Every structure is written in C-alpha cells, then in structure tokens.
Amino acid sequence: MTRIPGHPPEPPEPVRPSVPDRVRPSVALAAAASALAGAGVGPARVEAELLLGYVLGVSRGALAVADPLTPEQQGRLAELVRRRTRHEPLQHLLGSAAFRYLELAVGPGVFVPRPETELLAGWGIEQARRLVQPEGGSEPLVVDLCSGSGAIALSAAGEVPRARVVAVERAAPALDWLRRNAAERAGAGDRPIEVLAGDVADPELLAGYAGRVDVLLCNPPYVPDGTPVPPDVAGHDPADAVFGGPDGLAVIRLLLPQAARLLRPGGLLGIEHDDTHGTAVPELLRVDGRFVDVADHPDLVGRPRFATARRAGTPG
C-alpha cells in the first residue's frame, strides 16, 4: 500500500475468515442435525442423514465413506436444512416418500403417505393374495378410493401381481401425482393399475364395477375439523385430504353405501380412521346392516387405526 505524504495511513483491509473448499460429511452431518434439533424437527440425526445422502447421491449407510462436500453441495444442504427447519415436509424436499416396498413421488398438492397406512395396505394385500387362484380363473379386483399418491393401490399391484387394481382420486393435483407414480411403477415392471377421476360422493361412482369388487380399501380424510395438526401437515398436506367434517366421519359416511354397492357378496372392506374413531367406525358398519365380521385394528403403537368388514351375502 502506498502512503500519500500528508495523509494518515489507510486502515488495513479486514481479515476474512477462510472457508474450506470441501467439508467432511461428518462435519456437515453434525451441523445439519444440530440445526434441525434446534428447530424441533426430529428425529434430527436421521433426517440430517437423509438430506445429506440426498445431496451426495448416496445411501445413509454410505455416508461414512462418502467424499467431502463441495461448496455447491454445502450450499444445497444448507438450503434444504433451512427449508426443513421451517417445517416443509421432508418428503417434499427429497421428492419421494417410502411406503412398504415403494418410493413414491410426492410434493405440493398430494397427501404424503404415512407408515400407519402400511398396515391397512398390508391387510388388503393379504386378503387379495388369498383370493388368487393358482391355476388361471378369475383375478381379484382391488379398488383403492381416495387414492392420493397411489400408495395403497400401487402396493397391491406390486405385491399381488395377479390382482386387477383400480385407483380413484377426486383432486386434480393429487391425480397428477397418482398418474405419475402409476406410470413409473408400470415402467418398472409392475402390473399397470387403472387410474380414474372420481368422487366418493358420486352415487354413480364406478358404476361398471358394482357388485364385482373383491377388496375395497380407503384412507379417507378423517381428522375432525379444528383438530390441531403438526405444522408439516397444516401448511403442506391438502386440507381436503386431511379433515373429514366436524366429527371426522363425513367422508366415511359417504363411503359406506358406495362400498355396499361396489363389493360383491363376501367382498372385503378396509377403512383407515382417526384414533378417536375406534368405536364410531365399527358401529357405523354394524348399524348399516350390509356388513358382517366387523373388526377394528390397532396401529404400531396400539391406537385404533382401521376397521374391516365383509359384505353380507353369499358369494355367487
């Protein structure tokens, strides 16, 4: 620096902290987990591993041997962590949700499938498998109403290859995700499913299938209006896929006559419900009079989660 005579010396330039070009995964992971935990997001360590793996393009198990993060990767991870601390769903950030043996594309406009629903899907898959005839003959017809991303329908199609599966969804944004997932699974070799736009409230819903359905499954909106829900849900899952009227049973009440119309005699019905509905939904099924063998089933922590029943009558 050249000093001009008669002028005071210029102040020295500030020393800028050096930023390493690359950061070890363990360091980035610790910082991400700390930020998530500080925002009340959890399990913070698991979510940080998933986000870091997504940025690096590796599985969680490979993080320990992954290459250090480039500055660009550091920036991507920081942005994802920032969005997650604002309770944007993890599945939206990753672009997919795990469900049974599937990875389903999800994002704004569609309900993110939850682990609890895997139990209903598993029950329906077990029933469909029992109906598969080993040597030719008819194939079980499985219908998934309020299909959303297609989690239940696509699981059934993938795990019961002999089944014919129909997925029905009303909301246009969710239908886009459903069709995308259906196309991807068909491209992966699963049996294609039939995707239809339809409303449970429509008395002519699936008119061509009346009396023919073997297994009917539904994860409807069932949370009572006004119930506080986590910010990940309140700000991102579509409200009409979450809330089911003042007592949470509005859509389920509409569903029962549709199920009675669509199921063949002896056909099976499975409905997910709120954990406060362990008595109410089975009672609705019994009072209806068209269903027998009514039962309720708990979720992984013992809360009432889904009800099942059989369509009255003798199979033809």
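Author: Helices here are DSSP runs of H or I with at least four residues, strands are runs of E with at least two, and both are numbered from the N terminus. This is a predicted model, where local features need pLDDT of at least 70 and side-chain atom pairs count only at pLDDT 80 or more, while totals for chains, interfaces and linings use all residues. Residues are numbered from 1 along each chain as its sequence is written, and side-chain values use heavy atoms, with hydrogens and water left out.

Reader: What radius of gyration does the protein chain have, next to a compact globule of 316 residues?
Author: The radius is taken over C-alpha atoms, and the globule rule is 2.2 Å times the number of residues to the power 0.38. That rule gives a value near 20 Å for a compact globule of 316 residues. The C-alpha trace spans about 105 × 45 × 35 Å along its principal axes. For the protein chain, the radius of gyration is 25 Å.

Reader: Does α1 have the span it should, or what is the distance between its end C-alpha atoms?
Author: The expected span is 1.5 Å times one less than the number of residues. Helix α1 covers residues 25-38, so its 14 residues should span 20 Å. That agrees with the distance between its end C-alpha atoms, 20 Å.

Reader: Which residues of α1 are buried?
Author: Buried means under 20% relative accessible area, exposed over 50%, and partly exposed in between, with a 1.4 Å probe and protein chains only. In α1, the buried ones are Pro-25, Ala-28, Leu-29, Ala-32, Ala-33 and Leu-36.

Reader: Within what arc do the buried residues of α1 fall, seen down its axis?
Author: The arc is that of the directions from the helix axis to the C-beta atoms. The buried residues of α1 line one face of the helix, because they fall within an arc of 130 degrees.

Reader: Which exposed residues does the face turned away from the buried side of α1 carry?
Author: On the buried side, the cover includes α2 (44-56) and α3 (71-85). The face turned away carries Ser-34 and Gly-38.

Reader: Which residue just after α1 takes a positive phi?
Author: Look just past the end of α1. There, a phi of about 75 degrees belongs to Gly-40.

Reader: How far is the sulfur of Cys-146 from the closest cysteine sulfur?
Author: A disulfide is a pair of cysteine sulfur atoms within 2.5 Å, and by this rule the count is zero. The closest cysteine sulfur to that of Cys-146 is in Cys-218, too far for a bond at 3.7 Å.

Key: Contact means heavy atoms within 4.5 Å.
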